[in-house]
Structure formats: C-alpha cells, structure tokens
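Hi,

Here is the structure I promised to pass on. Have a look at it first, and then read my notes below.

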Amino acid sequence: MSVLTGRKKSNIVKDWRQRPKSIEKFQFVHHFLPHPEDKKRATLLSNKAIIVYCAAMLLIAGIFRFLPKVVPGVLGYASDISVKDLLTYTNMKRKEAGFSELRLNSSLTSAAYQKAEDMFKDQYWAHISPAGTEPWDFILGQNYDYIYAGENLAKNFKNSKDVVEAWMKSSSHRENLLSPNYDEIGFAVVNGVMEGYETTLVVQFFGRPRNAAQVASVYEEQTVLEKESARTAAVSEREGEPATEGTSESVQKSVYTQAPSEEPVIDLTTATKTVSAVFGGFVGTLLALDVWYSRRKGLHKFTGHTVAHLGILILVVASIWFVLTPGIVL
Amino acid sequence: MKEKSGTHVVEYSVLLILTFIIGLLFYYFRYNHGVLIFLSGVLSFAYILWGLVHHYFEGRLTRFIAAEYIVFGVLIFLLLYTVLNF
C-alpha cells in the first residue's frame, strides 16, 4: 500500500514539476489560510493587504465627503424626531431631577422654527449667525418678553431620546435643560440640506416670561402640539412639489425641497457603519480562520499575535454597531 | 515554559483591562464625537505599544512584526474614524 502511495506521490510531484501551473489553483486557498511553508499568515492578511484595506476605507470616506457637493441630499441622516417626544423626554429628565415641568409656548416654538430655517438658509451651525443674529433676536422677534432665555441645538440625530440624552451628557446643555429659571419651552424639528447632507436640525428655546401671568396654559400647549402635527403632515405632502420664490413661505419651501424626500437616499450612519463592519468583519473572519487552521495543523508562524488582533477587532466592530450613535449638539 | 505562560497572562490581562476601560469610556462619551475620535487614537496607539512591548519581552520583535502592529493599529483607527467623521 505504502509502495503504491509512494509511487502515486512521485507521479504527482513529477507532474507538478512538468506543469507548475497545475498546482497554482491549490495555492489560491492560501489567500485565506496561512502558508505552512513560509510560516506566514494568509496573503489577504499580509501587511500589504491591510494597507490596501486602509487605503480603500480612506477612499470611501473621501467619496462620502465629495458626493454631497456634486449631488446634494443623496447622503444624509434618516431621523424620527418629534416635538411631542422631545417635550416628553425633556420634562421626564426635569421631573427625575426634581424640577417643575416646562410648558410648550407658541412664541418660543415659532422663534425656534425661524432659527432652524435661518440656519438652513444661510448654511451655518452656530448659536450666532454669520450676520450676527443671536438666539435672543429670534425670541424677541416673536414679542416674547423674557427674564431668562436659553438655546440648545442638535443635528444628525436618529430619534428624540438620543437628542435629549446627548444634551444631558453635556454639562452646558444639561444646565439649560434642568434650570429652575425657565417656565416655558419651544422646539423646532426641521428637515433640510446642510452642507450637502440631508439632515434634521433641532432647536430648543427656553424662557421665563417677564409677566408670570403669560406662562402658557395647558390649552396653548395642546394647540401648539396640534399645529406641530399639522405642520409635519403639510411638509410630508409638500415634498416633491416644485419650489417657488419671493415670499417667506417659499424660503421655507425651498429649504425642504432641496432634497427630493424627507429621508435621504442613502443613510450616512448605516453606510459608514456598514463600510467599517464589512472591512472589520472580513479581516476578523480571516483572523479567526488563521487561529483555527494554525491550531489544527500545529503551525507556529513568525507573526504577531492573531488572538490579540482578533480580540481588539471584535471590540471595535461591536463598539461601532452597539455604542456609536450619530448626532452633534451645540 | 511556565514562566513564559505567566508573563503571557499578565500581558494579555493588561490588554484586556486596557480595552475594557476604553470600551467603558466609549460608552460614557458616546455622544461626544471629538472625545471618541481622541479615544480611537489612544486605543490605536496603546495597541501598537502593547504589541511592541509584548514582542520585545518575548525576544521576537522584528521589523516585520512591528510593521504588523502599526498597520493593525491604523486599521483599528480608520474603522472607527470612518464612522465618527460623519
């Protein structure tokens, strides 16, 4: 039996020597599995290959930066934020901290909408506009005479809870949110295109009216919430209609209609997370294969520690999927 | 051999504690992208340093292995940066 096997083996070796290409197809497997002869990792895990993955990720990140300049509104942040939820979560946090709940005020709400529309119109993301307009100018513009007033801003968030949580995590925003100096609040949740990206801006105005008798009633709060629902429905219907110019209504309309729909074609958060998960997952799978194959064959390679690479990669990919959330507060 | 295995446990424990602390910090600062980018850099740098120190003590530190830890460190940073940059 061993003689036959030996003869068979010598024939195979002879065949390989005569036609070296015939074994190339078997070498393909070492793109994914370690090289036992060279005591190296799979070709697709070589240092050169990792450099190529890094370059590819930089290229994709570059495309995500460049694309909005060419096709505005295609990339963006999908969101499901509502004034009602923002009010609920804000008052929940205040209640937990032992402060009184804030009442939704129509003047502060209108001021917040004007601020959000101004940011989209002049393409800025700041408390003070490039023209020097301060938050208080929007509030006073709605004839809201105040003793105390404050502003919190947020953009690119996915839901109302994350917006309030992010404000709570920042000391200056939390100070506003939990301040005993305020009685009333106003929110604006506006979709539009900012620097080429479809996004949702959230403006939160706080205030205490000079005349305590002017504090919004439950009826006023309900009216503001009903108006918000009607406004959201109107925006949804209006999208897709061509923009007209001239009136203040058309300014608002053009902001909304820069992008064809409220939701971007490609959700940037999902896209970037997918890119990282694909590259991280691919390298991680190859590393796991390396560990399994090396143990099975008893290979000792002249490389770094595969288990360490794999562990750190799992931590990174898990953080990307389960911890990182989009959104910036100001 | 036993001594080597003991050193391994200590060095891997250091890596585990390091990643656990950075994981916790990631969760705590999950809404602050500036801090998260900084933490990504710290994680990447710390991993490279761990690899170099670990292989130096093992007496197996070569240019190839040093380069391997550097490219893996860069890969880790870029995986996080691609998400945090937007």
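A word on terms before the notes: helices here are DSSP runs of H or I with at least four residues, numbered from the N terminus. Please also keep in mind that this is a predicted model.

Let me begin with helix H4 of chain A, residues 83–96. The buried residues of H4(A) are A:Val83, A:Leu86, A:Leu87, A:Tyr89 and A:Thr90. After H4(A) comes A:Gly98, with a positive phi near 85 degrees.

Helix H11 of chain A, residues 268–297, can be treated in the same way. With 30 residues at 1.5 Å each, H11(A) should span 44 Å; the distance between its end C-alpha atoms is 43 Å, which agrees. Buried residues in H11(A) include A:Leu268, A:Thr272, A:Val275, A:Phe279, A:Gly280, A:Val283, A:Leu287 and A:Asp290. And what covers the buried residues of H11(A)? From chain A, the cover includes helix H3 (47–70), helix H12 (306–322) and strands E1 (75–76), E5 (197–209) and E6 (266–267). Chain B takes part too, through its helix H3 (63–84). Just after H11(A), A:Gly298 has a positive phi of about 65 degrees.

That brings me to chain B, which has three helices and zero strands, giving the pattern α-α-α along the sequence. Its C-alpha atoms fill a box of roughly 45 × 25 × 10 Å along the principal axes. Of the 86 residues in chain B, 34% are buried. Among contacts in chain B with a separation of 6 or more, 57% are between residues 24 or more positions apart.

An unreviewed UniProt entry places the feature "transmembrane region" at residues 12–29, 35–53 and 65–84 of chain B. In the model, residues 12–29 of chain B are 94% helix and 0% strand, with end C-alpha atoms 26 Å apart. Residues 65–84 of chain B are 100% helix and 0% strand, and there the end C-alpha atoms lie 29 Å apart.

Finally, a note on confidence. Chain A has a mean pLDDT of 82, and 82% of its residues reach 70 or more. Over residues 241–261 of chain A, however, the pLDDT is below 50; this stretch has 33 contacts in the model beyond near neighbours in sequence.

Best wishes

Conventions:
Residues numbered from 1 in each chain as written. Chains lettered and ligands numbered in written order. Predicted model: local features only at pLDDT ≥ 70, side-chain atom pairs only at ≥ 80, totals over all residues. UniProt positions renumbered as here; feature names shortened; annotations may be inferred. Helix = DSSP H or I, 4+ residues; strand = E, 2+ residues; numbered from the N terminus. Buried ≥ 20, exposed ≤ 12 C-beta atoms within 10 Å, placed from the backbone. Contact = placed C-beta atoms within 7 Å. pLDDT = per-residue confidence, 0-100. Expected span 1.5 Å × (residues − 1).
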